[in-house]
Amino acid sequence: MSPARTVTVAGGGLAGLTVARELRSRGFDGTVRIVDPEGLPYDRPPLSKAYLAGTTDRAALHLAPPDWFTDNDIRIVEDSVTKLDTGRGSVLLASGSELISDAVVLATGGQARRLPVPGSDHPGVLKLRTRADADQLRDKLFPGCRLVVVGAGLIAAEVASTATGLGAHVTLIDPMPVPLVPAVGEELARVLHEMHSAHGVEVLTGKPTRIAAEGKSLLVEVEHSHGADRLAADLVLVAIGIEPDTSLADAAGLRGDAGIEVTATGLTSNPGIWAAGDGIRIRTADGRLLPRSEHWEAAILSGTAVACGLLGEQAPQRPPAWFWSDRYGVHVEAVGSMTTPGSTVLRNAGTDRPIAFRVDTDGVLVGCAAIDGGKVLRAAKRLIMRRARVGLDDLVDPAVDLRKVDR
Ligand SMILES: Cc1cc2nc3c(=O)[nH]c(=O)nc-3n(C[C@H](O)[C@H](O)[C@H](O)COP(=O)(O)OP(=O)(O)OC[C@H]3O[C@@H](n4cnc5c(N)ncnc54)[C@H](O)[C@@H]3O)c2cc1C
């Protein structure tokens with residue numbers, strides 16, 4: 001197969017931008033276009049943090065300055081892809097235009113999952129995925145307002161923290177008594193969840209069953225193990241994860257299962273279509289279909305892998321999955337897996353800055369999660385990549401520098 005000369009990327013988020021950036025930095029001199037109705041690529045993590053708090057502005061969200069696109073001859077097409085015509089090798093746009101391409105990259109990310117209860121379509125019920133969503137939420141937050149956040153995952157917790165900082169009265173509802181256990185392990189999840197109450201957030205374990213308007217307020221009906229509650233709110237944020245945007249892939253008949261299936265270099269089941277970002281699932285060489293990784297670094301890694309694939313290069317070795325999150329002034333990071341069968345040991349146990357290590361049944365370090373423990377986490381990441389066996393005493397002892405441990 002001859003290498004592509006014209007690449008069209010559907011979706012200009014972090015993954016789509018990375019494809020374009022990596023193509024150019026690896027010497028590709030063909031045509032590169034990014035199609036996105038939102039125009040210039042911007043970064044999403046600040047949307048629940050500094051941008052929502054109002055401490056960073058719109059321009060600071062840009063993933064690359066506007067000149068960069070001109071300098072690198074990357075065309076931004078402000079439009080939506082509505083269909084892939086695999087027969088003609090073209091991409092159809094909402095405006096009616098057609099872009100003929102040798103290769104198409106799907107980097108359309110995902111959409112905030114909707115709450116499947118009556119009343120969730122009320123205009124006071126918001127979501128947070130785009131810059132416009134963040135603007136809308138920010139406009140409605142004021143000191144003393146009553147915000148109900150549905151969900152207590154990473155983004156929900158960040159919004160609870162930011163909104164509390166802006167003076168809102170926040171209630172957080174989640175069916176799990178301790179959310180995020182798969183992401184950071186039981187011990188850290190508990191410490192993190194307790195931070196909400198410590199910062200004045202009301203925490204409810206339960207499920208919303210209905211949202212209704214009552215005058216200028218909203219009433220959120222919640223079912224829990226002791227019965228039911230009705231919470232009055234000025235606004236509700238639903239933050240219960242995303243649904244991958246697989247509509248273009250599905251219509252083109254690409255293989256997938258709750259995510260577009262790709263190889264290590266991002267190739268889908270069609271030899272002219274590649275995919276990267278939050279919406280993909282990688283099929284490993286040994287046949288496993290990995291879960292989606294809906295994190296910032298994963299979008300960069302998969303975008304890089306696609307660029308390599310398009311150029312006939314091998315993708316760099318994929319490091320263990322990593323993400324960060326911020327809440328109430330602390331920085332949370334996790335790397336690798338905290339769910340692999342085995343055991344968890346804690347460093348700084350009983351403090352508000354614990355570090356959890358996951359060790360598999362063979363004694364190999366497979367995961368680490370930390371609160372304000374970036375240095376240890378980075379050392380752990382290197383050990384995880386080397387599949388190192390580390391003594392449990394060394395992991396637990398804060399005096400042991402993991403950068404110097406290698407057994
Ligand atoms: C509020 C928030 C906070 C976050 N915080 C963190 C964090 O602290 N740490 C972390 O690791 N990760 C965080 N993330 C996750 C991280 O931002 C995502 O994993 C990353 O943005 C995924 O990039 P993507 O390019 O796959 O998707 P997206 O960023 O969603 O980009 C997809 C793009 O595709 C476009 N698109 C969709 N359909 C079409 C179409 N038909 N035609 C053309 N374009 C289309 C969309 O407009 C969008 O711009 C956060 C995400 C959010 C929303």
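Three strands make up an open sheet in the order β4-β5-β6, with antiparallel pairing. Strands are DSSP runs of E of at least two residues, helices are runs of H or I of at least four, and both are numbered from the N terminus. Two strands count as paired if DSSP finds at least two bridges between them. The edge strands are β4 (81-85) and β6 (98-100), each pairing on one side only. From one strand to the next, the twist averages 20°. Here axes are lines fitted to C-alpha atoms, for helices over the stretch in contact, and angles run from 0 to 180 degrees between N-to-C directions. Four bridges join β4 to strand β5 (residues 90-93) in the antiparallel sense. V81 has L93 in β5 as its bridge partner.

The model is predicted, so local features need pLDDT of at least 70 and side-chain atom pairs count only at pLDDT 80 or more, while totals for chains, interfaces and linings use all residues. Residues are numbered from 1 along each chain as its sequence is written, and side-chain values use heavy atoms, with hydrogens and water left out.

A further open sheet of three strands has the order β13-β14-β15 and antiparallel pairing. Strands β13 (207-214) and β15 (227-233) stand at its edges with a single partner strand each, so one side of each lacks a neighbour in the sheet. The twist in this sheet averages 20° from one strand to the next. Strand β14 (residues 217-224) runs antiparallel to β15, and seven bridges join the two. V220 has L231 in β15 as its bridge partner.

Strands β21 (residues 322-327) and β22 (residues 330-336) are antiparallel and pair over six bridges. W322 stands opposite V335 in β22. The two strands form a hairpin with two residues between them. In the turn, Y328 has a positive phi of about 45°.

T171 belongs to strand β11 (residues 169-174). This residue is buried, with a relative accessible area of 12%. Buried means under 20% relative accessible area, exposed means over 50%, and partly exposed lies in between, for a 1.4 Å probe and protein chains only. T171 and L204 are 33 residues apart along the chain, yet their C-alpha atoms are separated by 7.3 Å.

Helix α9 (residues 296-310) contains 15 residues. From its first C-alpha to its last it reaches 22 Å, close to the expected 21 Å. The expected span is 1.5 Å times one less than the number of residues. Of the 15 residues of α9, 12 are buried, so the helix is largely enclosed by the rest of the structure. Among the buried residues are E297, S302, T304, C308 and L310. Just after α9, G312 takes a positive phi of about 75°.

The ligand has 33 residues around it, of which D36, R44, K49, R129 and D278 come nearest. A residue is near a molecule or strand if one of its heavy atoms lies within 4 Å of it. Polar contacts were also examined. These are pairs of N or O atoms within 3.5 Å; within protein, one must be able to donate a hydrogen and the other to accept it, and residues adjacent in sequence count only if both atoms are side-chain atoms. R44 places a polar side-chain atom 2.5 Å from an oxygen atom of the ligand. For K49, the distance from a polar side-chain atom to a ligand oxygen atom is 2.6 Å. H295 contributes a polar backbone atom, 3.4 Å from an oxygen atom of the ligand.
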